[in-house]
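Student: Could you take me closely through one part of this structure, the nonpolar interior and the helix that contributes to it?

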Amino acid sequence: MLLQNKQVAVIGGGMGGLTLARLLQMQNSNVKVYERDLNKEVRVQGSPLDLHEDSGLKAIIQADLLDEFYANVRPNASKARIVSKDFQLKFDEHSVQKKEVQKNLDTEINSLDAISKPRPEIDRFELRNILLNSLLSETIVWNSQFDFMEKENEGWKLHFKNGSTAYADLVIGADGANSKIRPYISTEKPIYSGITLIEGTIYNAKENAPKLFEFSRGGKVLAFGHEQTLMYGTKGDGSLMFLLSSKIPESWLWKGNLDFKNNEAVFEWFKKVYKDWSAEWHELLQAEELYFIPRPQYYFPLNQTLETQTNLTIIGDAAHRMPPFAGKGANLAMLDALELADFLTNNQFNSIETAISIFEKRMLERASKATKDTLENSEQLHNEQALERLVSIFKKNI
């Protein structure tokens with residue numbers, strides 16, 4: 001086996017990195033995951049994930065974690081209510097029966113139609129815990145924020161910001177959109193999509209945003225108007241996460257002087273930029289225990305290339321950063337993990353470099369297609385016809 005007597009280092013303990021570690025350990029590979037967080041409780045996890053049959057769910061099955069996954073699925077989380085900017089309900093998925101989903105998902109990922117497909121949803125926190133609990137003890141090395149690495153013998157000497165070091169024969173970067181591993185492989189820079197998201201999280205949402213919490217019925221709410229979107233959903237821990245999505249110049253974040261720790265200032269910005277939207281939405285921006293994160297959306301070129309190395313590669317957002325408007329980020333990361341683990345352990349290749357080379361070619365081909373899809377979806381979700389378009393797509397599945 002290519003990894004026999006090799007030490008593998010996975011940089012980043014997100015969905016892709018943890019899935020990869022699980023699959024490699026199932027083949028008796030020696031793997032460590034280096035994660036910058038102090039422990040698994042530190043960072044707030046994002047919105048729930050809907051796993052796709054051809055990617056994320058496929059990886060869960062291969063990782064032999066399907067029972068644990070379904071034990072933590074939230075049945076109503078995937079159901080949507082579609083609303084106008086004036087807070088007029090246009091479609092309620094909770095009150096309709098949907099057609100049976102096609103088994104061949106390849107035909108659905110080229111349009112907004114994918115958004116309306118019923119798929120099992122799980123909170124990121126729960127999925128991360130399932131993956132963490134599946135690993136051997138001491139696999140995760142917490143408080144290990146990557147600083148730099150250098151060649152040592154036939155492998156790499158890793159340096160972390162806490163002053164520690166480690167050696168690895170093979171390094172796999174799964175450290176997200178702002179990857180520190182990627183520059184060792186590629187100099188290509190991400191492109192601004194023209195869209196910036198403002199992510200808001202409300203804790204104890206039943207008390208702090210009672211009307212909108214109840215309105216969601218445990219699912220998600222999608223609102224469109226004036227080439228803008230507002231989407232929100234609840235999570236199993238009682239919190240509510242919302243996204244404000246608008247066409248905003250790239251320079252806005254550093255020229256606008258908006259303090260995202262000042263909730264009142266963000267609310268004033270919202271009333272100005274979303275001035276045509278109903279006051280019903282103000283409950284989100286006036287809630288207690290409310291925290292904001294600005295997220296400008298970037299993507300890598302559709303024709304990007306990676307400089308294949310003998311013992312280094314990247315997966316997930318580190319390799320193919322893209323906006324979230326096709327719901328493929330975590331799914332593709334988990335599919336990357338599935339395929340890379342297979343290529344490194346299936347005894348079909350005569351060298352790690354060959355396995356990496358073929359993996360990267362396949363990964364970039366599907367990432368290019370997914371990026372094209374999500375950019376097309378982004379354009380459709382941020383135009384004047386977005387509301388009518390999405391309602392018609394949902395109704396098609398009744």
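Tutor: In this predicted model, Leu-20 is in contact with Val-10, Ile-172, Ile-315, Ala-337, Leu-340 and Ala-341, once its neighbours within four places in sequence are left aside. Leu-20 also belongs to the largest nonpolar core, a set of 66 residues, in which Leu-20, Leu-127, Leu-158 and Val-171 are the residues with the most contacts inside the core. The largest share of this core, 9 residues, is supplied by helix H11.

Helix H11 itself runs over residues 329-345, and its 17 residues reach 25 Å from the first C-alpha to the last, which is close to the 24 Å expected at 1.5 Å a residue. Because 15 of the 17 residues of H11 are buried, the helix is largely enclosed by the rest of the structure. Just after H11, Asn-347 takes a positive phi of about 65°.

The side chain of Ser-144 reaches the backbone oxygen of Trp-142 at 3.2 Å, and, not counting residues up to four places away in sequence, Ser-144 touches Tyr-34, Glu-35, Arg-36, Phe-160 and Asn-162.

Notes:
Residues numbered from 1 in each chain as written. Predicted model: local features only at pLDDT ≥ 70, side-chain atom pairs only at ≥ 80, totals over all residues. Heavy atoms only, no water. Polar contact = N/O pair within 3.5 Å; in protein donor to acceptor, adjacent residues only side chain to side chain. Contact = heavy atoms within 4.5 Å. Helix = DSSP H or I, 4+ residues; strand = E, 2+ residues; numbered from the N terminus. Expected span 1.5 Å × (residues − 1). Buried < 20%, exposed > 50% of the residue type's maximum accessible area, 1.4 Å probe, protein only. Core = buried A, V, L, I, M, F, W, Y, C linked by side-chain atoms within 4.5 Å.
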